[in-house]
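Let's take a walk through this protein model. Keep the structure open beside you and find each residue as it comes up.

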Amino acid sequence: MPRGDKAKSAFYPKTFLFDIGRVLLNFDFESSLTKLIPESIGNPKERIQRVLEQKDTLETGLIDPINYANWALQTLGSNAPLNQFYHTWQQIFTVNEPMWRCVRQLAYKGHSLMLISNISAIHCPWIFTAYPEFSYFGHKVLSFEIGMLKPELAIYQYAINTYQLDPASIIYIDDQPQNIASGEKLGFQCWQYDLNHHQVFEIWLEKILATD
């Protein structure tokens, strides 16, 4: 085979680092949590906002799910049982199918797929059972397991060190500008994803895959 043909046939797998929320799955906490609040309770939006303002403590593992759920139910003025709170907290997601088509194609072609997410023990490991295609992702960096949140540089450095990654080879997809800024500081190839403009992402992805 001519030398040029060998070069054309060579395959260089790439490492993709994916956020979950509003990339792979859209989510809506507010609509879900509203179902827990009795109609007689005032200021439902403000109550939900107070609950969500403390979400970081749950997603860093600083508070266990039981204590957080009990506090959240009290804040919401709800008499729902714990299992109903967990169920409601989990039922916030809808699948972003266009992105999952990309994931399936990347996995089929042999690229390395990883997750990096601010997420809690209420969602994990439930989410990986509820959405089995997460099995395409070989590694997962989850905030509540390691006590770090995006956009802290430490969580990205954890991924680099733990999985012996070359920052310049990482292709990072996230919807939050502050997270993208952290990725860029470390030398990742980044894309700030917008659910409403998926086709623009696919054009960018094609260019990324065309480069060695």
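This is a predicted model: local features need pLDDT of at least 70, side-chain atom pairs count only at pLDDT 80 or more; totals for chains, interfaces and linings use all residues.

## The largest pocket

A set of 24 residues lines the largest pocket, and Phe27, Lys55, Glu59, Asn118 and Gln176 are the ones nearest its centre. Its volume comes out at about 510 Å³.

What kinds of residues make up the lining of the largest pocket? There are nine nonpolar, seven polar and eight charged residues in that lining. Two helices, α4 (55–59) and α11 (177–185), each put at least two residues into the lining. Helix α4 gives the most, with three residues.

Where do they sit relative to each other in helix α4? They are four residues apart in that helix, so about one helical turn separates them. Are Glu59 and Lys55 buried or exposed? Both are buried.

How many salt bridges does the structure hold? It holds five. One of them pairs Asp19 with Lys150, with 2.8 Å between the closest N and O atoms. Asp19 belongs to the loop between β1 (15–18) and β2 (25–27), while Lys150 belongs to the loop between α9 (143–146) and α10 (153–162), so this pair ties together parts that are 131 residues apart in sequence. Asp19 has a relative accessible area of 6%, and anything under 20% counts as buried, so Asp19 is buried. Lys150 is buried too, at 7% relative accessibility. Asp174 joins in as well: Asp19, Lys150 and Asp174 are linked in a network of salt bridges.

Now find Arg104 and Glu97, whose side chains also meet in a salt bridge, at 2.2 Å from N to O. Arg104 is partly exposed, with 24% relative accessible area. Glu97 is partly exposed as well, at 30%.

## The nonpolar cores

Next, the inside of the protein. The largest nonpolar core has 48 residues, and the members that touch the most others are Phe18, Leu24, Phe85, Trp89, Ile127 and Phe134. Pick Ile127 and see what it meets: setting aside neighbours within four places in sequence, Ile127 is in contact with Ile20, Leu25, Phe93, Ile119 and Phe134. Another core, of 15 residues, lies apart from the largest one, and its members include Val141, Tyr156, Ala159 and Leu186.

How far apart are the C-alpha atoms of Glu97 and Leu25? They are separated by 8.4 Å, although the two residues are 72 residues apart along the chain.

The other pair starts with Gly42, in the loop between α2 (29–34) and α3 (44–53). Gly42 is partly exposed, with a relative accessible area of 39%.

Definitions and conventions
Residues are numbered from 1 along each chain as its sequence is written. Side-chain values use heavy atoms; hydrogens and water are left out. On a 1 Å grid over the protein atoms alone, a cavity is a set of points where a 1.4 Å probe fits but cannot get out, and a pocket is an open set with protein on both sides within 12 Å along at least five of seven lines; lining residues have an atom within 4 Å of a point. Grid points are joined across faces, edges and corners, and a volume is the space filled by probe spheres set on the points. Ala, Val, Leu, Ile, Met, Phe, Trp, Tyr, Cys and Pro count as nonpolar, Asp, Glu, Lys and Arg as charged, and the others, Gly among them, as polar. A salt bridge is a side-chain nitrogen of Lys or Arg within 4 Å of a carboxyl oxygen of Asp or Glu. Buried means under 20% relative accessible area, exposed over 50%, partly exposed in between (1.4 Å probe, protein chains only). A nonpolar core is a set of buried Ala, Val, Leu, Ile, Met, Phe, Trp, Tyr and Cys residues joined through side-chain atoms within 4.5 Å. Contact means heavy atoms within 4.5 Å.
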